[in-house]
Amino acid sequence: MREPSDPAGPTGGGVQGPQLKHSDGPWLRAAGGAEELVTHLGPVRSELSLAHAGLMAGAGRLTALAELKAVRESWERRFQAAQSECGSLAASLRAVARTQGATDEAVRSSLAAVPASRAGEGR
């Protein structure tokens, strides 16, 4: 007996039972979230640069300026890497949604070609 949480449904799926359905919604929402991160991170590097310039102007002959510059450059590389990763992730998530939808359609089409009398065989 199948559990009620079984994706095929309480009747066990089959030709006349509930169908397992794919939704690209979660994939597309995740892709949108990744794209929002790319957008959100866009101005961060220039804001960091402006803040650093203000710090440099007011710091005079502070000996830690070289270290501050190295830290800023490190953060700029991290922001760039995060943007790149999020952009790549968004594209990959959208590709999964497209591929999964195409696979679902191919399976649906191949099952539609099976005569109804053969659909119940093998039980």
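## Ground rules

Because this is a predicted model, local features need a pLDDT of at least 70 and side-chain atom pairs count only at pLDDT 80 or more, while totals for chains, interfaces and linings use all residues. Residues are numbered from 1 along each chain as its sequence is written, and side-chain values use heavy atoms, with hydrogens and water left out.

## The overall picture

Let's start with the big picture. The protein has 4 helices and 0 strands, so called when DSSP gives a run of H or I at least four residues long for a helix, or a run of E at least two long for a strand, numbered from the N terminus. Starting at the N terminus, the order is α-α-α-α.

How much of the protein is buried? Of its 123 residues, 19% count as buried. Here, buried means under 20% relative accessible area, exposed means over 50%, and partly exposed is what lies in between, with a 1.4 Å probe and protein chains only. The protein exposes about 9,100 Å², and carbon and sulfur atoms supply 59% of that area. These areas come from the Shrake-Rupley method with a 1.4 Å probe; for residues, only the protein chains shown count as cover.

Now for who touches whom (a contact means heavy atoms within 4.5 Å). Among contacts with a separation of 6 or more, 74% are between residues 24 or more positions apart.

H52 sits in helix α2, which covers residues 44-59. Is H52 buried or exposed? With a relative accessible area of 9%, H52 is buried. If you skip its neighbours within four places in sequence, H52 is in contact with L68, K69 and R72. With R72 there is also a polar contact between the side chains, at 3.4 Å. A polar contact is a pair of N or O atoms within 3.5 Å; within protein, one must be able to donate a hydrogen and the other to accept it, and residues adjacent in sequence count only if both atoms are side-chain atoms.

R72 is buried too, at 17% relative accessible area, and R72 has another partner: E76, in a salt bridge whose closest N and O atoms are 3.0 Å apart. For a salt bridge, a side-chain nitrogen of Lys or Arg must be within 4 Å of a carboxyl oxygen of Asp or Glu. E76 and R72 are 4 residues apart in helix α3, so about one helical turn separates them.

## More salt bridges

A search of the whole structure turns up 4 salt bridges. One of them joins the side chains of E35 and R94, at 2.7 Å from N to O. E35 lies in helix α1 (residues 25-41) and R94 in helix α3, so this pair ties together parts that are 59 residues apart in sequence. Both ends are partly exposed: E35 has 34% relative accessibility, and R94 has 27%.

Another salt bridge links R108 with E105, their closest N and O atoms being 2.5 Å apart. R108 and E105 are 3 residues apart in helix α3, so the gap is about one helical turn. E105 is partly exposed, at 39% relative accessibility.

## An aromatic pair

How many aromatic pairs does a search of the whole structure find? There is 1. W75 and F79 form it, and the pair is tilted, with 5.7 Å centre to centre and 35° between the planes. Rings of Phe, Tyr and Trp (its six-membered ring) pair if their centres lie within 6.5 Å; planes under 30 degrees apart count as stacked, over 60 as edge-to-face and the rest as tilted.

W75 and F79 are 4 residues apart in helix α3 (residues 65-112), so they are about one helical turn from each other. W75 is partly exposed at 41%, whereas F79 counts as buried at 18%. R78 lies over the face of W75, 4.9 Å from the ring centre. That label requires NZ of Lys or CZ of Arg to be within 6 Å of the ring centre and within 35 degrees of the ring normal.

Q80 has its place in helix α3 and is partly exposed, at 35% relative accessibility.
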